[in-house]
Amino acid sequence: MGTGGRPRVIALDSRPRLAAKARIRFDRKTARYLLLYPERGLVLNPTAADIATLCTGEHTVHAIVERLAEKYASQPREQVEREVMSFLATLAERGLMQGEP
Amino acid sequence: MSDEYRPYTLVAELTYRCPLRCVYCSNPVDYGRHTDGLDTADWLRVFREAEELGVVQLHLTGGEPLLRDDLEALIEGARAVDLYTNLITSGIPLSRERLARLRPLGLDNVQVSIQDVAAPSSDRIAGLRAFERKLEVARWVKELGFPLTLNVVLHRENLGHIEEIVALAEALAADRLELANTQYVGWALVNRRALLPTAAQLDEARRASAAAHARLRGKMEVLFVMPDYYSEFPKACMDGWGRRFLVVSPDGLVLPCHAAHTLPGLVFENVKDRPLEAIWRDSPGFNAFRGEAWMPEPCKSCERRAIDFGGCRCQAFYLTRNAAATDPACSLSPDHGLIESARQQALSAPDGGFEYRTPRPAARK
Ligand code: SF4
Ligand code: SF4
C-alpha cells in the first residue's frame, strides 16, 4: 500500500504480473486494447498495451523498459522508462497488479 | 449508430427464479409472469450479437443464474467471443465441484452477495437461511483461484456495520467490495419504509467506507454507491438510457435497464424476433429516452443534462406516474417533495415489517 499518497517506488528487478482479475482484449471498434476487470475497463494506448502484455511475471521491469526502448527507438530512453514506471504505478494503484510491485 | 450509443455491458438475466426472497430485490414485482423463455442456443446467439455490437463485459445474473443447468455452456460460449464474464450469484445452490468446473471454462470473476455480517440479520433480509453457506462459497471462490467480488446492498438495518463488513471482506480476501445502497425500484420500493436510512446513518457509513477505501487502495477495491434519495442530483442511471448497457430479461426482452419493461406504454422487442443490432438501433423503447428531445423542464435547460441525463426513468414513473418526468431525486424537480417526505419518514422507526419477494404480485402500497 502506498503511504500517504507518496508515489510508489517500483524496483527495476521486480517482475510485474497483472492481477488475476485483469484481462487484455482487443477492441475492434476503436482499434485499441482494453484492460478489463470487474465492471470496468481501461482503454490502453499502444505503449500501455505493450507494457500490460509484458506483465506476465516473467519479465523484470528493466527488461520491459529495454523491450519498449527498442520498439520505440525514436523516443529517448528516459521517456520510455518514465512511461513504463508511471503506467505500472497506475496499475498498482487500481489493484491490477498481483502482490506488491 | 454513433459511438454515443455503444453498449459495453450485457446484463444477461438468465432467470428470475431464485431460492432467496430478498426484501430489496430489484427484479420486477410481477417477475412471476416472466418465464425462462430463452434456451442455450438463444443465449449464445445473444452473446455473439452483443459482442459484435461492442459489448466487452457480460454479467450472468438473474434471479439466480446457478439455477440454469446450461450455465457451463453459456460461460464457455461467452468466453469463445472473449467477453469478460462475471457470475453474479447468491451462491445458492452451489457445490464446490460445480464451481471448480467453471474455472477451466474461463469464468473471469465471481460476485457473491451477502446481506449483513451475521447469520440472523443477513438471513432475515434474504428470507432464507443462507449466510453460512454464502461464506463457504466465497471461500471456495478464492481457493479455486477466481477473483472475488463481495456485494452488500445497504439499508437502515446494516448501514451501521460497514467496518465489520470490510473486516469480513478482508478475511475472505475479496478483490472488490461493493457497498451499494438500495435503489428503490422493484421489491425495494415495496419495502422502502423499512429500508430507507436516515441522513445521519448514511454520513457515518460513508465516512467508514472512505477510510476503508483509502486504507485498502491497491489491495481491495472498495466501492460505496450513494442512494440518490440523499444526493442533490440524481445518478446517471445506467450511464444514460440506451447508451452503454443492454439488459436481456429471462423471456428475451431487450431492455435499457432492469425495470424498463415495467413502464407502461413503452414497446420493447424480443431477441427471438429480430437481431440484437436492429433492436438496439431502432426499437421504440430504446429510442424513447435517448437524446434530449423528451426532456421536460427543468432538465431541458439544465447544464447537468449531459451528465445525469435527467436521472432514472423508472424512479420518475414509480414516484410520479410519468416516466418522462425529471427524476424526483433531483433537488430541482417539482416533485422533489416526494423524496423529502420519504426522508422525513425515515427519521421515525418503521411501523411495519418486510414484504418478502414472492412470485405473487405484491399489493402495491
Ligand atoms: S436480490 Fe435476492 S432474491 Fe433477488 S435475485 Fe438476488 S439473491 Fe435472489
Ligand atoms: S434538472 Fe434534470 S438534468 Fe438538471 S440535475 Fe436535475 S435531473 Fe439532472
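Student: What classes of residue make up the shell around ligand 1?
Tutor: In this predicted model, the shell around ligand 1 divides by class into 5 nonpolar, 3 polar and 2 charged residues.

Student: Which residues are they?
Tutor: From chain B, Cys18(B), Leu20(B), Arg21(B), Cys22(B), Tyr24(B), Cys25(B), Asn27(B), Gly63(B), Ser90(B) and Arg357(B) are around ligand 1.

Student: Staying in chain B, which residues of helix H2 are buried?
Tutor: H2(B) covers residues 71–80, and its buried residues are Leu71(B), Glu72(B), Leu74(B), Ile75(B), Gly77(B) and Ala78(B).

Student: Why would residues three or four places apart point the same way?
Tutor: An α-helix has 3.6 residues a turn, so positions with that spacing point the same way.

Student: And which residue with positive phi follows H2(B)?
Tutor: Asp82(B) follows H2(B), and its phi is near 65°.

Student: Next, H6 and H9 of chain B. At what angle do they pack?
Tutor: H6(B), residues 162–171, and H9(B), residues 199–215, pack at about 30°, and their axes are 9 Å apart. H6(B) therefore counts as roughly parallel to H9(B), the cut-off being under 35 degrees.

Student: Left-handed or right-handed crossing?
Tutor: H6(B) and H9(B) cross in a right-handed sense.

Student: Which residues make the contact?
Tutor: H6(B) contributes Ile162(B), Glu163(B), Val166(B) and Glu170(B), while H9(B) contributes Ala205(B), Ala208(B), Ser209(B), Ala212(B) and Arg215(B). By class, the contact of H6(B) with H9(B) has 5 nonpolar, 1 polar and 3 charged residues.

Student: Over to chain A. What order do its elements run in?
Tutor: Chain A has 3 helices and 3 strands, and the order from the N terminus is β-β-β-α-α-α.

Student: How much of chain A is buried?
Tutor: Of the 101 residues in chain A, 42% are buried.

Student: How do H2 and H3 of chain A pack?
Tutor: H2(A), residues 61–71, packs on H3(A), residues 77–93, at an angle of about 130°, with the axes 9 Å apart. That angle makes H2(A) oblique to H3(A). H2(A) passes H3(A) in a right-handed crossing.

Student: Which side chains are in that one, by residue?
Tutor: The residues in contact include Val61(A), Ile64(A), Val65(A) and Leu68(A) of H2(A), and Val80(A), Val84(A), Met85(A) and Leu88(A) of H3(A). The contact of H2(A) with H3(A) comprises 9 nonpolar, 1 polar and 3 charged residues.

Note on methods
Residues numbered from 1 in each chain as written. Chains lettered and ligands numbered in written order. Predicted model: local features only at pLDDT ≥ 70, side-chain atom pairs only at ≥ 80, totals over all residues. Heavy atoms only, no water. Axes fitted to C-alpha atoms, helices over the stretch in contact; angles between N-to-C directions. Helix = DSSP H or I, 4+ residues; strand = E, 2+ residues; numbered from the N terminus. Parallel < 35°, antiparallel > 145°, perpendicular 65-115°, else oblique. Left-handed = near helix turned anticlockwise from the far one by under 90°. Contact = heavy atoms within 4.5 Å. Nonpolar A, V, L, I, M, F, W, Y, C, P; charged D, E, K, R; others polar. Near = heavy atom within 4 Å. Buried < 20%, exposed > 50% of the residue type's maximum accessible area, 1.4 Å probe, protein only.
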